[in-house]
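Dear colleague,

Please find below the structure that I am handing over to you. I would be grateful if you could look through it alongside the notes that come after it.

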Amino acid sequence: MLAIITASIVVVLSIIIYFIIHDGLKENFNVPGVNASDPKMGNLNDIRQAGSLHEYLTTLHKKFGSIVSFYWGKQRVVSIASPEAFHETRRLFDRPVSLFAQFEPLIGPNSIQYANGDIGQHRRKNHYDPALSTIALRTQIFPIFERILNERIVLWRKNEEQPIALHAEMLSIAIESITLAAFGISVSRHEGKRIEQAYNVCWHEMELRAQGHSIDSAPTTEFDKARSFLLEKVKQIIVQRRQRLGDDHKCFIDYLLDDDDQCMISEEHICDEVITMLVGGFHTTGNLLTWIFYYLAKHQNVQERLFDELIKTYSTKFPSFEQIDQMTYLTNIINESLRLSVLAPWAARVSADDNISICGYEILAGTPIIQALGVVLQDDQIWTNPNEFNPDRFDQVNRRKLPALAFSPFGFAGKRICPGYRFAQYEAGLIVASVIHRYKVTLTDAKSSVIPIHGLVTAPKDEIFVQFNPRYSHFVP
Ligand code: HEM
């Protein structure tokens, strides 16, 4: 009898020890950080209270250093925020799907956002990278930017000196640009506005869910309506493009349709990728342009220095693709706007199969690793007076002093940097140069200051009103 009792105790103890060890193993990285403040939500409520993940991470990293851990729901995650820590994740391609799950109802499960391993790499190589290569940009996409800008200039001329709703205007230029460049389809201003409104409804709801609001409830009716509208638009785009296939230069959607013809991808897959490209391509550049013009309007001295560079470089209607590259001050302004606005505050990676060492800690395979790009972009150990708008920090001499990866607004790891980075840079370069060449941009209320809302992309909280005042002394065709 005693033997049976002893054996039972040993079995029970072994089971308990087994679970302790295994649970212990899961938590077996002594990365400094915080415990979950709620068993189900983890620290999601704290993130919400901080205002955004970016602001939460800023506080955590200030307290704990370059590597911290916290709970995303029930899952323990780590966040890294130094060029050295970034370096240790530079080979990782895979993304932790769970951190982006809240965006799936809009972009769909087949979006590149969720594609890892060989499949993800294949899709980057065959669909995204060729459609957004330098050559595609120079020969096909840049002329599209010129065409859209031409139409806008006519409109601005008609309404000179009227206040312009900057954010709305830039988002609408960005929507027209991505639909024509990536899908070969023109949308009217009115249609562009409806796309933007539907996107806003969906995106707002998903950003809230990403911070733990109504996490288990089904999408709202408003969300469903807006998503159906976008899906309908996307289906129309696909039909229109199929009819015109071969007419034009090859654009992003044609790479997908080619694979479809060989039965390699489904219709749903194409829809998901088109929505991903539409959203990825416009809210980023629309907000970047908004921030650049806002900073230029606030810093008239920078605007005038840029104007000098522009008139020294070209006197034609638009600068050429090559002239955009030559204008270093213009490039510095774009870079500084990307930095100061923390346009895309974070990216994330996972090492699916192997543990990985970061800052001397062993991070278990499968642990989501947030790359706090925005925290590094505002780190006062790297950038002097990080809250100041100062394009000169990107001049040649200063740039050389920056640690590698300190400036990574488009991500950096595993050859999965944002595929649209050149698209964004040339679109911004051309539009900013062309506007400042013709107009002095001022805020209608010079004292106003703008509150940034940091989500997956950083947008201004309220509309910003500006005036485009013609530079009459200077004739531009
Ligand atoms: C100012 C503009 C932009 C910023 C700051 C930005 C930033 C980023 C970042 C940080 C990532 C994640 C990269 C990573 O995981 O390492 C990303 C991914 C992505 N971006 Fe952008 N982006 C911008 C513009 C664009 C544009 C113009 C497009 C399309 C034309 C685009 C399409 C995408 C796509 C499709 C992905 C996912 C790629 C993948 O999963 O492999 N982005 N972007």
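Predicted model: local features only at pLDDT ≥ 70, side-chain atom pairs only at ≥ 80, totals over all residues.

The ligand and its shell

The ligand sits in the largest cavity. Helices H6 (117-131), H12 and H18 (421-438), together with strand S4 (347-349), are the elements that give two or more residues to the shell around the ligand. In total, 26 residues surround the ligand, and the closest are Arg95, Arg124, Arg349, Arg416 and Cys418. By class, the shell comprises 16 nonpolar, six polar and four charged residues.

In the side chain of Arg95, an N or O atom is 2.6 Å from an oxygen atom of the ligand. For Arg416, an N or O atom of the side chain is 2.8 Å from a ligand oxygen atom. Arg124 has a polar side-chain atom 3.0 Å from an oxygen atom of the ligand.

Helix H12

Which element gives the largest share of the shell around the ligand? That share, six residues, comes from H12. This helix covers residues 267-298, 32 residues in all. From its first C-alpha to its last, H12 reaches 47 Å, close to the 46 Å expected at 1.5 Å a residue. H12 is also mostly covered, with 27 of its 32 residues buried.

With kind regards

Notes
Residues numbered from 1 in each chain as written. Heavy atoms only, no water. Helix = DSSP H or I, 4+ residues; strand = E, 2+ residues; numbered from the N terminus. Expected span 1.5 Å × (residues − 1). Buried < 20%, exposed > 50% of the residue type's maximum accessible area, 1.4 Å probe, protein only. Near = heavy atom within 4 Å. Polar contact = N/O pair within 3.5 Å; in protein donor to acceptor, adjacent residues only side chain to side chain. 1 Å grid on protein atoms, 1.4 Å probe; cavity = no way out; pocket = protein on both sides within 12 Å on 5 of 7 lines; lining within 4 Å. Sits in = over half its atoms within 2 Å of the grid points. Nonpolar A, V, L, I, M, F, W, Y, C, P; charged D, E, K, R; others polar.
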